Amino acid sequence: MEPNLAPKLDEFLLARIAEDKRIALDAAAARGPGEWRADALTGQPGGAAAEHAARFDPERVLAECSAKRGIVLACRETRPDLAFLGARPHGMADFPLSPHDQHQLAALTLALLALPYADHHDYLPEWRP
């Protein structure tokens, strides 16, 4: 993305959530009807990878996407104070931010929701809580 067209944190999150939703819907369509149990995915019981995949079946991912979208939209309405995210004194990066009002709390909430997407090319370092 062009530097002057960098996404806002809420827009970035809504785009990632939409991607997660699309992937979950595609997985559900590819797998067809049926349960996402570990043994159904591998043909045999057990296995940490199969259990993990079963736990994050499309239905659960879609529910999480809906919940995250609701959180992002609620935070957006609160007018998050994103300047708060860069408010730590230099050298204090390991200390948690302590929000003092609803605007700072909204910014921190959005920043925490964005952390799993920190490896995405549109993620901005100044969003790191």
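Visitor: Which residues in α1 meet which residues in α4?

Guide: In this predicted model, Asp10, Glu11, Leu13, Leu14, Ile17, Asp20, Lys21, Ala24, Leu25, Ala27 and Ala28 in α1 meet Pro58, Val61, Leu62, Cys65, Lys68, Arg69, Val72, Leu73 and Arg76 in α4. These residues divide into 13 nonpolar, no polar and seven charged.

Visitor: Why are α1 and α4 called roughly antiparallel?

Guide: The axes of α1 and α4 cross at roughly 165 degrees and come within 9 Å. Angles over 145 degrees count as roughly antiparallel, and α1 and α4 are therefore roughly antiparallel to each other. The crossing of α1 past α4 is left-handed.

Visitor: What describes the packing of α1 (residues 9-31) and α5 (residues 102-114)?

Guide: Two packed helices are described by the angle between their axes and the distance between the axes. For α1 and α5, the axes cross at roughly 35 degrees and come within 10 Å. This crossing, too, is left-handed. Leu9, Asp10, Phe12 and Leu13 of α1 make the contact with Ala107, Leu110, Ala111, Leu113 and Ala114 of α5.

Visitor: Which element gives the most to the lining of the largest pocket?

Guide: α4 does, with five residues. The pocket has a volume of about 210 Å³, and among the residues closest to its centre are Asp20 and Val61. Its lining has eight nonpolar, no polar and four charged residues.

Conventions
Residues are numbered from 1 along each chain as its sequence is written. This is a predicted model: local features need pLDDT of at least 70, side-chain atom pairs count only at pLDDT 80 or more; totals for chains, interfaces and linings use all residues. Side-chain values use heavy atoms; hydrogens and water are left out. Axes are lines fitted to C-alpha atoms, for helices over the stretch in contact, and angles run from 0 to 180 degrees between N-to-C directions. Helices (H or I, at least four residues) and strands (E, at least two) are DSSP runs, numbered from the N terminus. A crossing is left-handed if the near helix is turned anticlockwise from the far one by less than a right angle, and right-handed if clockwise. Contact means heavy atoms within 4.5 Å. On a 1 Å grid over the protein atoms alone, a cavity is a set of points where a 1.4 Å probe fits but cannot get out, and a pocket is an open set with protein on both sides within 12 Å along at least five of seven lines; lining residues have an atom within 4 Å of a point. Grid points are joined across faces, edges and corners, and a volume is the space filled by probe spheres set on the points. Ala, Val, Leu, Ile, Met, Phe, Trp, Tyr, Cys and Pro count as nonpolar, Asp, Glu, Lys and Arg as charged, and the others, Gly among them, as polar. Angles under 35 degrees count as roughly parallel, over 145 as roughly antiparallel, 65 to 115 as roughly perpendicular and the rest as oblique.
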